[in-house]
Structures are given as structure tokens and as C-alpha cells.
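My entries follow in the order in which I checked things.

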Amino acid sequence: MSDLKERQFMFATIALIIGGMLAIQFETTNNPIVRDTRDLWDLRADLEKEKQRQQELNEELEQYSELLNQYQGDGKEEKIQAMENALSDLKKQAGLTTVSGQGIVITIEPFNDELIGVDRPLPKIDPDMLRRLVNELNRYDAKEISIDGQRIVSKTPIREVNGNIYINNEPVSSFPIEIRVLAKDNEKLHQKIIASPAVEEFIRENFLVESSPAAKVILPAFDKSMKVKFMKPAKEET
């Protein structure tokens, strides 16, 4: 009787193992492992981006650690000064201040402008084309962007109203449209953006796109009201 129970236990154990193996095989067959098809250059580029992001996070952490130390250790006047410095930095990050530095200037205008209105109508820019161009600039490490004198921030709307392009609820003026961009490496950004898919799309739509590096580019501040949702003033603790 003991031998029978032992055999039954061994049989059940073997059946459990085989069943588990079949289940794993079935899961693998139905959900095959997706291989990473990126080549070596793509992997290196992604690695460099992650290293850059890590460095930026470390710098930001060090900055706020230093600010925290000032709050904890300084007197009243020093704390006020630290808060003013933090506020100034936040305004700069939000695009609420005029900024300048090296960058590039991009101009967009129709091909053969002298023939417009004679042989063909004025070509139209779709808002999505400008949005894709902004996304490409950000992907290539642009620091700050303005289009037609309007500062681009996280809340900037780019849309079409009655056939006209509006940025920050302001109509875009006539051609050429000027885009100013700040960059850490303006020459590198110039080379990348001029051959980007976003610029190629403008060219396919009969627009001439020119980019030129500049030693100093000035961008205006975002001058519209910032509407903040889902936040309310905190009550002071008594």
C-alpha cells in the first residue's frame, strides 16, 4: 500500500512538471519574445541620451539639495533670497523670461514666391506640420523655441482657425515664418534638423526651409496667462 502511494505521488509530481512545461511552451508560442531589432548605432544613440538624462537629473538633484540646505541652515534673509532664486529659476524653466544664447534661425516660405497668385495659390501650412517640427527640434535637444515671435511652452496651442494658423492664440504673420531655437550645440542641431523628416514634409508641400546657426539668438518671454488646473492654495498650519 505504501509503494502504491509512493508511485501515485511520483506520478502526480511528474505530471505536474510536464504540465508546467507544456504551459510554458504554450505561453511562449502564443506570446513570442519580441527581439530588439535596433542596430548598434541606435543602441549607442539611446545610451548617450540616457547618460545625458542621468547627468541632468543628477545636476537637478544637486541643485535642489543645495536649496534645501539653504532653507535649513540660513537665516530669514538668506531663506528669502533662496526662495527668490528658486522662483526666478522656475520662471526661466516655464518660459516666462526673455532668454538668449547660441542657436539656430529657421525660415519657412513658399517656393518661387513671385509666382504665387499667378500660376498657383499660396500653399498652406497644416498645424500638424509645425507640431512635428517642434517635436523634432525637442528630440534633437533644442533648449527653447519661438515661432513668429511666440514662445513655445508646454501649454502652447498650435491650431488652425478659419484657415489661419494661431500660436498662443495669436495669428501667424505672413511669410517668411521665422523660428528661433536655442541649443547647446547649434551646428549639430542645424545639421540634424535640415535633414529631418519634418523639414522634408515642408519641402514636399512646396515650402523652402532654410536654417542657419547663430552665435546669439534672443527669444521673447511667454506673455500669456498660465492657467493651472487641479491645484489650490494650501492652508497654513496653525
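**Entry 1: charged pairs**

I began with arginine 131, which counts as partly exposed because its relative accessibility is 32%; here buried means under 20% relative accessible area, exposed over 50%, and partly exposed in between, with a 1.4 Å probe and protein chains only. I noted that this is a predicted model, in which local features need pLDDT of at least 70 and side-chain atom pairs count only at pLDDT 80 or more, while totals for chains, interfaces and linings use all residues. Residues are numbered from 1 along each chain as its sequence is written, and side-chain values use heavy atoms, with hydrogens and water left out.

Arginine 131 forms a salt bridge with aspartate 128, and their closest N and O atoms are 2.2 Å apart; a salt bridge is a side-chain nitrogen of Lys or Arg within 4 Å of a carboxyl oxygen of Asp or Glu. I found both residues in helix H4, three residues apart, about one turn of the helix; helices (H or I, at least four residues) and strands (E, at least two) are DSSP runs, numbered from the N terminus. An α-helix has 3.6 residues a turn, so residues three or four places apart point the same way. Aspartate 128 is also partly exposed, at 33% relative accessibility.

I then looked up glutamate 136, whose salt bridge with arginine 139 has its closest N and O atoms 3.5 Å apart. Glutamate 136 is buried at 13% relative accessible area, whereas arginine 139 is partly exposed at 44%. My search of the whole structure gave six salt bridges, and one of them joins glutamate 144 to arginine 151, with 3.2 Å between the closest N and O atoms; both of these residues are buried.

Which residues have the most contacts inside the largest nonpolar core? I listed Ile108, Leu133, Leu137, Ile145, Ile179 and Phe202, in a core of 29 residues; such a core is a set of buried Ala, Val, Leu, Ile, Met, Phe, Trp, Tyr and Cys residues joined through side-chain atoms within 4.5 Å. The largest share of this core, five residues, comes from H4.

Leaving aside neighbours within four places in sequence, I found isoleucine 145 in contact (heavy atoms within 4.5 Å) with residues including Val134, Leu137, Ile179 and Leu219.
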